[in-house]
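Hi,

Here is the structure I said I'd pass on.

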Amino acid sequence: MKRLHPSAQLAMWFVCFALLLAACGSGGNGGKNEASPGAAPATSSSSPAVETQSAPPASEDKGPFPVTLTHMKGEYTLDKKPEVIAVLDTKFVDQLIALDEQPAGSVTAAGSDTDFPEYLSDRLGDVKVLGTRDEPNLEALVALNPDLILMTDFQEQVYDSVSKVAPTIVLDFYEDWRATLETMGKITGKPAEAQAVQQAYEEKTAKLREQLAAKLGDGTVALIRPRTEGIRVHTSQHRTGSILYTDLGLKVPESVAAVDDTAYEISLEAVPEIGADYYFLLSDALFADAVKELESTKIWTSLEPVKNNRVYQVDSTLWIAYYGPIANSLIIDQAAAALLDQP
């Protein structure tokens, strides 16, 4: 083999060194391009120049975004936090406020055209009214010009119209509030905060569960709502029933536990068959007369829990309509205060 002249060897050495530097440089650029759609994966390198780069990967710059949300109509990817959110269920207001956020517009609870949840009134700013949960106002929704709309399958009949206004996320009306909270954490870029809110609730209920078990023993609790068409009894499958019977560990009357549904209707004559030791009586302006009628009957006043002051009237709007971590926390506070104060 023919030997190279020393000067040629030196020149060749410089060429090799230059190619080595170029290879190291291309390895650093490949790391930045990994976050770009369609970019080829970068090869790993042990070069000190790559390991000591101070710039973070592009995916970290966006924090929790982009994030893909799976909902009842498919999937939707958020590239950034939406600035103008419209909600078509009042429970979403509770969920957002729990994360120190708020919607730009919201419907109100059924039967109310202008009032937002009273328990959140001091924490809501200039939130626009978008009709009621039962009848969303599409004109108001269009005028809001939202970046994102949140609704449930309860409003399925307006989905086609609503989804033309802005990207729309549809969640299950009966979805557990914890799952909804997790979704809200993703939407607002606050997954850790959402987890902390849930953890605080779990710790609170665990403590109250022990106190209630010690106080009530095997005493059973019923949740009923007098209505024009009859008296509705809520079971442990109902979302508020789940708060009482699962989260707080209250005992379900045997007659109620035997029903495989979220609630059922009974007549006045069947009320004694519930057989509960304690009653929570749901009442609101809509069915106030039905509550008064029940309370005036001999059948009701003859019940042992009524005679022993073990019936507690509570606001059905708070206890049923909102179903978010703030409302739920108030429910367990009220339930525990009523039951633990008993002699």
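A quick term before anything else: contact here means heavy atoms within 4.5 Å. Helices (H or I, at least four residues) and strands (E, at least two) are DSSP runs, numbered from the N terminus. Axes are lines fitted to C-alpha atoms, for helices over the stretch in contact, and angles run from 0 to 180 degrees between N-to-C directions. With that in hand, helix α7 (residues 177-188) lies across β3, β6 and β7, and runs at about 175 degrees to β6.

Please keep in mind that this is a predicted model: local features need pLDDT of at least 70, side-chain atom pairs count only at pLDDT 80 or more, and totals for chains, interfaces and linings use all residues. Residues are numbered from 1 along each chain as its sequence is written, and side-chain values use heavy atoms, with hydrogens and water left out.

**The whole chain**

The protein chain has 15 helices and twelve strands. Of its 343 residues, 43% are buried, where buried means under 20% relative accessible area, exposed over 50%, and partly exposed in between (1.4 Å probe, protein chains only). Take the contacts between residues at least 6 apart in sequence: 63% of them join residues at least 24 apart.

Two strands pair if DSSP finds at least two bridges between them. On that basis, five strands make an open sheet with parallel pairing, in the order β5-β4-β3-β6-β7. The edges are β5 (128-132) and β7 (168-171); each has a single partner strand, so one side of each is left without a neighbour in the sheet. From one strand to the next, the twist averages 20 degrees. Three bridges hold β4 (residues 105-108) and β5 in the parallel sense, and Ser106 has Val129 in β5 as its bridge partner. Helix α4 (residues 90-98) also packs on this sheet, where it touches β3 (85-87), β4, β6 (148-152) and β7, and its direction makes about 125 degrees with that of β6.

**The mixed sheet**

A further open sheet has five strands in the order β10-β9-β8-β11-β12, this one with mixed pairing. Here β10 (263-266) and β12 (311-315) stand at the edges with a single partner strand each, so one side of each is left without a neighbour in the sheet. Its twist averages 30 degrees from one strand to the next. β9 and β10 run antiparallel and are joined by four bridges; in β10, Ala263 is the bridge partner of His234. Packed on the sheet is α9, which touches β8, β9 and β11 (278-283) and makes about 155 degrees with the direction of β8. α15 packs on the sheet as well, touching β8, β11 and β12, at about 140 degrees to the direction of β11.

**The largest pocket**

A pocket, on a 1 Å grid over the protein atoms alone, is an open set of points where a 1.4 Å probe fits, with protein on both sides within 12 Å along at least five of seven lines; lining residues have an atom within 4 Å of a point. Grid points are joined across faces, edges and corners, and a volume is the space filled by probe spheres set on the points. The largest pocket holds about 990 Å³ of space. Its lining has 37 residues, and Arg225, Ser316, Thr317, Ile320 and Ala321 lie nearest its centre. β8 (221-227), β9 (230-234), α9 (239-247) and α14 (316-321) each supply at least two lining residues, with α14 giving the largest share, five residues.

**Some single residues**

- Phe65 and Pro66 are joined by a cis peptide bond, with omega about 0 degrees; Pro66 sits in the loop between α3 (58-61) and β1.
- Thr68 is in strand β1 (residues 67-71) and is partly exposed at 38% relative accessibility. Not counting residues up to four places away in sequence, Thr68 touches Glu75, Tyr76 and Thr77.
- Asn145 is not a glycine, yet has a positive phi of about 55 degrees. Asn145 is in the loop between α5 (138-144) and β6, and is exposed, with a relative accessible area of 55%.
- Tyr323, also not a glycine, has a positive phi of about 50 degrees. Tyr323 lies in the loop between α14 and α15 (325-340) and is buried, at 7% relative accessibility.

Cheers
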